[in-house]
Amino acid sequence: MSPSSQRIATVYDQVIARNPGEHEFHQAVKEVFDSLGRVLTKFPEYVEESILERICEPERQIIFRIPWTDDTGRVHINRGFRVQFNSALGPYKGGLRFDPTVMLGTVKFLGFEQIFKNALTGLPIGGGKGGSDFNPKGRSDGEIMRFCQSFMTEAYRHIGSSVDVPAGDIGVGRREIGYLFGQYKRIANRYEAGVITGKGTSWGGSLVRTEATGYGAAFFTEHMLGAINRSLDGSRVLVSGSGNVAFYAIEKIHALGGLVVGASDSSGAVHDREGIDLELMREIKQVQRGRISEYAEQRGSAEFIEGRSVWAVAEKHDIDVALPCATQNELDDDDARILLKAGVKAVVEGANMPTTPAAIHRLREAGALFGPGKAANAGGVATSALEMQQNSIRDSWSFEYTEARLAEIMENIHSRCAGTAEEYGVPGDYVAGANIAGFTQVADAMIAQGVI
Ligand SMILES: NC(=O)C1=CN([C@@H]2O[C@H](COP(=O)(O)OP(=O)(O)OC[C@H]3O[C@@H](n4cnc5c(N)ncnc54)[C@H](O)[C@@H]3O)[C@@H](O)[C@H]2O)C=CC1
Ligand SMILES: O=C(O)CCC(=O)C(=O)O
C-alpha cells in the first residue's frame, strides 16, 4: 500500500470510529476518499495539513427540539438538525429535508456531498444541510405551517445571508420555504431575502430555481452523451421519483427529444409506453398530492407496478439512459444488472447518492457512463446561488437569462469533471473527476485560511 493509500485508510477508520452507525455518511466519505490516492501523492501538503481529517469533521452541528401542535390540539415533538459542514468557499449552503428517516447521519452525508458539489458550481458557497424527522405526508397546511414556524424559531439564530442559507430538499418545497421565511422575517424583524432560497418569485425567489435541479441534470446528461457521440434525442429514459427533481428532469428530457417511459414514488412505479404525460403527473402529484397509481388509472398507455422501483420497467422496455431522482441507495446491484440487460448507456444521478457502490462498480465495469449527483444535480444549488446574487443586488432576472446561466454552469461542471479525470489518467471517470476537482478547490482554500 502506498503512503497515500495508507493515510486514506487510517483516516477512514477514524471516521467510522468517531461517527458510529452513520452508514450513509461513511459511504459518502468512502466514495470521495477512493478518488484521492493520486491527489495526495501529487500534493503532500494536503496530508501535512491534515485536510482529510478536517474536511470530515463538520465545523458545527446543531440539534434541536421542535414542538408543534396538530389540528386536534395534540402536541408533537420532532428533532431538527443543521450541519454547517464547511465554509472555506462561502456561507454554508444546502437544503432542508423533512422526512421520517432523517437522522444526524443522513444530514451529515448530505452536507458532506454538498461541500464538493458547491465547489463544482464555481460559485462562492460552502457546504451545509439540515432537516427534521418530521413526516409531512397527510398533514394539513396549518400543521405544516406550525411545524415550519417552530423549526425556524430555533434555526433563525444560526442562519443568515452571509452565514448559512438553507433551501428545499425532500419534503420541503415552495410552501414550506414560504412558512420558514415568514417566521424568520417575523423574529429577525428584517426582510433579509438572501437568508433562504427557493422563495416564491414575487417575494425574492429566482425564476428557474424550481426547475433547476432537474433541468441541470438533463443538461449534464446531454453533455455526457455528447462525449460518446450520442444524445438524448431519440433516447428511451427512466426517471425515478415524481417530485421536484424528477418532474423537471422529465420536462427537459422531453424538450431535448428523449422519451421518459417510467417514473415512480415510494408506493411503486408506472410504465408508460407513450411517454410520461407531465400535465397529468402535475395534477396528481403537485395539485392533489396523490399517489402515482392514480396516474396509471387515468392514462390508457400506462401500467402501475406496485411495490417495485422504476428500474423494473427495464424488464419490459429497452432503455438507453436512467436518472435516479428520488432518494439515496435506490438503485442497487440487481437494478444495475436489469438496466444493463435493457441496454443502458448512461446512469446520471439527479438525487443525492442514489446509486449503491456495487451498482456503480457494475455499471462502470460494463462500460456504461456514470454521472455522480454532486456534479449532475448541482444545478439546483447553483441556481440558489444565483438567487442569492439577485437578492443582494435587489434585482430579478428573466427566465431566459437565468436558464442560460444554469446551462453554462452545467457545461462548465461537465468539462471540469471530464478534464480533471483526463488529467489524473482516468478519462471518462466522472466520479473521480468530480471528487478531485471539488476536493482540491476546497482543500486549497482551507490551507490558505490557516488552521481554523
Ligand atoms: N430539490 C432540489 O433542488 C435538490 C434535490 N436533490 C436530491 O434529489 C432527490 C429528490 O429530491 P426532491 O425531488 O427535491 O424531493 P421531493 O420531495 O420533491 O420528491 C421526492 C420524490 O421521491 C419519491 N421517493 C421517495 N422515496 C422513494 C423510494 N424509496 N422509491 C421511489 N420513490 C421515492 C417521492 O415519492 C417523491 O416523488 C433527493 O435525493 C434530494 O436530496 C439534489 C439536489 C437539489
Ligand atoms: O439550493 C440549495 O441550497 C439546496 C440544494 C441541495 O440541497 C442539494 O443540492 O442537495
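User: Which residues does Val 239 touch, not counting residues up to four places away in sequence?

Analyst: Two residues are in contact if their C-beta atoms, placed from the backbone, lie within 7 Å. In this predicted model, Val 239 touches Ala 246, Ala 249, Ile 250, Val 260, Ala 263, Leu 323 and Cys 325, leaving aside residues up to four places away in sequence. Local features need pLDDT of at least 70, side-chain atom pairs count only at pLDDT 80 or more, and totals for chains, interfaces and linings use all residues. Residues are numbered from 1 along each chain as its sequence is written, while chains are lettered from A and ligands numbered from 1 in the order in which they are written.

User: How many residues has the largest nonpolar core?

Analyst: A nonpolar core is a set of buried Ala, Val, Leu, Ile, Met, Phe, Trp, Tyr and Cys residues joined through C-beta atoms within 7 Å; buried means that 20 or more other C-beta atoms lie within 10 Å of a residue's own, placed from the backbone. Here the largest such core has 135 residues, and Leu 238, Val 239, Ala 249 and Val 442 have the most contacts inside it. Helix α18 (residues 430-448), a DSSP run of H or I with at least four residues, gives this core its largest share, 10 residues.

User: Why does ligand 1 lie between two domains?

Analyst: Domain bounds come from an automatic or database domain assignment. Ligand 1 lies between domain 2 (60-192) and domain 3 (212-367) because both give residues to its shell. Among the 25 residues around ligand 1, Gly 243, Asp 265, Ala 326, Ala 351 and Gly 380 come nearest, a residue being counted if its C-beta atom, placed from the backbone, lies within 6 Å.

Note on methods
Buried ≥ 20, exposed ≤ 12 C-beta atoms within 10 Å, placed from the backbone. Helix = DSSP H or I, 4+ residues; strand = E, 2+ residues; numbered from the N terminus.
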